[in-house]
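Subject: Handover of a structure and its disulfides

Dear colleague,

Please find below the structure that I am handing over to you. My notes on what was found in it follow.

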Amino acid sequence: MKGEGKMVFFKSKMKWVGLLGIFLSVFSLFIHFLLARYTEGGVSQYQASITIFSWRPIFENSDLSPNSPLYRRLWGPVRQLQFLHPQANPGGDYAAPILQTTGFVFVRIRGGFHEIRNSICDVVVIARLLNATLVIPEILSTTSSKGISSEFKSFAYLYNEDQFIAALAKDVTIVKTLPKNLKGARRTKKIPMFRVSWSASPYFYLHNVLPVLNKHSVVELVISDGGCLQTLLPPNLEEYQRLRCRVAFHALTFRQEVQELATKILNRLRARRRPFIAYYPGMTRDALAYYGCGELFQDVHTQLIQHRRSWMIKRGIVKGNLSVNSAEQRLNGSCPLMPEEIGILLRAYGYSWDTIIYISGGEVFGGQKKLIPLHGMFENIVDRTFLSTGWELSALYGQEANLVDEYPKTRPFFKEEMRRDSWKTSGPRPRPLPPPPARPKYPYNMEGWWGWVAESDNEPESTVTELRMNAHKLLWEAIDYTICVEADVFVPGFDRDGMGRPNFASLVMGHRLYQSAAFKTYRLDRREVVKLLDETRDHLYEANHTWITSVRRHMRKALVEGLAHDSTKSKPQSFLSHPLPECSCLRRGPTETSFHASSPSIQSQVEASLGVTHPCPAWMKGERISQSRDEREEDLDENDSSSSGFFFQHSVGSHGSHGDGEIHNKEDTQMEDQEELEGAER
């Protein structure tokens, strides 16, 4: 008994020792994180190694001086656009909204992220045009998706309602809901409804909608085409174009949780104080089907694209044949540039293998295998899933119920099951042969929801989970949109959606043009790029000096001359993709006058291609100090290793070699310097 008592006491003592050890371990971890968080010298290391959860950036050259010629060429501002600044304030004759309005405009919007954004800007302009009270629009992509959190509904699921109302208080009266008497009329479907097209004119609203609004005090607009007002308005309605800019770039702010997570991801991207590129592939199934680019894949995804194109033809979205020569479409610039092609262009221009590239825009159609070549050229490729945790993304969605899909992902083979049963239950030989082995399904073919194509000719109905996922995509694209707008460089792979109109990338380019026009945005001419790539198709990874020079010349031209293309191609379909000249002005600092007087070609180029001629208001006085000519030069660095014909090498040692493919010599560098200067002056 005495021995047993000692054992019990010993076990009890060991338990206390174990608890004490656990407590000390937890306390030690807490102190460690606290010191790492608040120690000045370890802030950047802590952010890079702890908060960037699954991503560890790898850099060859940690010292990238902003004053070097190479840095200015790759990351510096476009000096031809440095004196272009946002100006969307209303003119002096712009009156405040009248308190006594003509009635209420209730709006239902269907579509994706960029279609919703375009539509919201249009309905605000329409409410101002009709002198009506606007009810906060209803976004059907959220309200029609079963299973999303009850914390957020419709507009507030994506945008900040209070900020939207306050920012537009001097433009239009906005309320959150209809009055009680009109809510009942809406439930009984007694409210007059208009299904409006994306190019409806002001005349349509003033002569068709306004009389009905005056009579019933309320109208309902249903928008499903990504807009409800023509993009190019008459000159006398220029103030309404500025109103569109105030809505898109000032009033439409994402709700707090989305903004906070986007800011966290931006901070994690910049933790090492390195610039980064935001890349939007634009490879969506609808866009590929609309332009007939299915044959670029040559696998199961071609079948999916053709199936979608057939669906579009039946509904009149596409006017043409089901079979299209994808090679010709690619040569015409009507197909997206593949990630591999974008990577080749960036490496040829001089971006090193350790450049940070953020992939935006959600899932790339064709699967992750389409991004493998890009990963082979650049080490630090990330997206929002690399830079955030599951619980951070879940916090955006709120509390959601667990769902069970109503419909199976694939349909079983009834004939095969019957054959198996007959083979098992049949009598003595001769017996029917066993069924053949099932068709192998490779992981990359079953990566997304498209696995049904291997077993059925009919696309399955959307499950409840897929409907909810569509609502989540709005939040993902909101995060990507914020990061792309703030990126040091933006590169779109494609700028058209599944209806042939400007897409997510076009909105980003328009926002960057308005907010920070001098930031580098490559508006590539896909037709010219395809020609360049085909010229050296057999030697893409060992390109010669002449080809690299041609690529660099084209990319430099794309920074400014691409704006002229957007003004003629994109703006007639989406004002937000090119909000110039209505929403910008020219501003010069006091020391910049002499420079512009000595090189009027730069100013005339901006005025001719963009149409921005009016100066900024007096209160927007220039504060920038003019740089000397030598400081402004976007020269090629004399030691730029990417000038090599073998421009996909990684190691530092390989850069120093002088093989046949190398072009490291001073004369070539000086020649490229001269080309840079000549291209900037044109």
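Two residues are in contact when heavy atoms of theirs lie within 4.5 Å. In this predicted model, residues 24 or more positions apart account for 81% of the contacts with a separation of 6 or more. The protein has 682 residues, 50% of which count as buried. Its secondary structure comprises 27 helices and 13 strands.

Helix α22, which covers residues 545-569, bends by about 55° at L559. At the start of α22, a side-chain oxygen of N544 comes to within 3.2 Å of the backbone nitrogen of T546.

The remaining notes concern the cysteines. A disulfide is a covalent bond between the sulfur atoms of two cysteines. The structure holds three disulfides, and when the bonded cysteines are numbered in sequence order, the pairing reads 1-4, 2-3, 5-6.

- C245 and C583 are joined with an S to S distance of 2.0 Å. The link is right-handed, with 90° about the S-S bond. It connects distant parts of the chain, 338 residues apart: C245 belongs to helix α10 (residues 238-251), and C583 to the loop between α22 and β13 (584-586). Both C245 and C583 are buried.

- C293 and C335 form a disulfide whose S to S distance is 2.0 Å. This link is left-handed, with -95° about the S-S bond. Because C293 sits in the loop between α12 (285-291) and α13 (300-314), and C335 in the loop between α14 (326-331) and α15 (339-349), the pair ties together parts that are 42 residues apart in sequence. C293 is buried, at a relative accessible area of 0%, and C335 counts as buried at 2%.

- C585 and C616 are bonded with an S to S distance of 1.9 Å. The torsion about their S-S bond is about 90°, so this disulfide is right-handed. C585 lies in strand β13 and C616 in the loop between α24 (600-610) and α25 (629-632); the pair therefore ties together parts 31 residues apart in sequence. C585 and C616 are both buried.

C121 is buried, with a relative accessible area of 1%. C484 also counts as buried, at 0% relative accessibility.

Yours sincerely

Terms used
Residues are numbered from 1 along each chain as its sequence is written. This is a predicted model: local features need pLDDT of at least 70, side-chain atom pairs count only at pLDDT 80 or more; totals for chains, interfaces and linings use all residues. Side-chain values use heavy atoms; hydrogens and water are left out. Helices (H or I, at least four residues) and strands (E, at least two) are DSSP runs, numbered from the N terminus. Buried means under 20% relative accessible area, exposed over 50%, partly exposed in between (1.4 Å probe, protein chains only). The bend at a residue is the angle between axes fitted to the seven residues ending there and the seven starting there. A polar contact is a pair of N or O atoms within 3.5 Å; within protein, one must be able to donate a hydrogen and the other to accept it, and residues adjacent in sequence count only if both atoms are side-chain atoms. A disulfide is a pair of cysteine sulfur atoms within 2.5 Å.
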